[in-house]
Each structure stands twice: as C-alpha cells, then as structure tokens.
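Hi there,

As promised, here is the structure we talked about. Have a look at it first, and then read on for what turned up.

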Amino acid sequence: MAKKEYGQICDYIIKISPYIRFVGVIDKNGKLLAYNRREGLKPLLDTKNTSYQFSHIAIKSELESYFDEQLGETEFAWEERKKVQTISFALDRTRVWVSIDKKVVRSEILRIADACLPIVKRYS
C-alpha cells in the first residue's frame, strides 16, 4: 500500500469524532508510516516513549497473529488507561492505532470503532 493511502486512512478516521486525539498507521517493525493529530493537543508521550509504544504495538500484533487460525483475525482491540483510551485495528501487516480522550463514554468508543472498521476494511 502506498504512503498516500495510509495518510488517507488517518484523514478519514480523525474526522469521525472530535474526541479522537491521534491516528497513526504503524508497520510490523513499529515504524510510524502516517499519522494525524487533533490540533491544539500536546502529546501524552515524548518522542522516545512514543517510539517504544509503537514497538510494543508491533510486537503485540505479531504475537496476536499466532492465534488467527484458531480464533480468527483481530478486528480491533480496545485498551482503557487512566489518561487515554486506544483502539487498534489490523490492516494487513500494519496496525491503525487510534487514541481517544479518556472522558468519553463507552458508547462513543464503540461508535468510533464501528465507524473505523469499514475504513480499515476498505484498505485491507
């Protein structure tokens, strides 16, 4: 897939909700291929820890793939933390990672996930 298409995915997803903080496409090695960040927000992670987070996502994705044959492929994973919520989506050998404001009600998180799935599937 071309870098332009990764950028389009980020652009489409960031527009789904004003509660989305960041959207990034991360390759199997943890490299950020494209991203979009909501304007006016300060990142929660510094550069070094952002790199570690993306590496963690890549490793976790690789480990999850071992169970795809028995359980089916991961459609999305939702993680709730004290300061932010994240959803990640499988996109071939890459991941689409979305961070969302913490104070969003769970029904909005599910609405965001449901709106992201067709976008991700279109590019899969």
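In what sense do strand β3 (residues 76-80) and β4 pair, and over how many bridges? They pair in the antiparallel sense, over five bridges. (Two strands pair if DSSP finds at least two bridges between them; strands are DSSP E runs of at least two residues, helices are H or I runs of at least four, and both are numbered from the N terminus.)

Before going further, a word on the source: this is a predicted model, in which local features need pLDDT of at least 70 and side-chain atom pairs count only at pLDDT 80 or more, while totals for chains, interfaces and linings use all residues. Residues are numbered from 1 along each chain as its sequence is written, and side-chain values use heavy atoms, with hydrogens and water left out.

Back to the strands. β3 and β4 form a hairpin with three residues between them, and E79 has T86 in β4 as its bridge partner. S88 has W97 in β5 as its bridge partner.

Strand β4 (residues 84-91) is mostly covered, with seven of its eight residues buried (buried is under 20% relative accessible area, exposed over 50%, and partly exposed in between, with a 1.4 Å probe and protein chains only).

Here is the whole sheet. Five strands make an open sheet in the order β2-β1-β5-β4-β3, with antiparallel pairing. β2 (32-37) and β3 are the edge strands, and each pairs on one side only. From one strand to the next, the twist averages 15° (axes are lines fitted to C-alpha atoms, for helices over the stretch in contact, and angles run from 0 to 180 degrees between N-to-C directions). Helix α2 packs on the sheet and touches β1, β2, β3 and β5, its direction making about 125° with that of β5 (contact means heavy atoms within 4.5 Å). Helix α4 (residues 106-123) also packs on the sheet, touching β1, β3, β4 and β5, and its direction makes about 20° with that of β4.

One more thing about α2, which spans residues 47-65 and contains L63: L63 counts as partly exposed because its relative accessibility is 48%.
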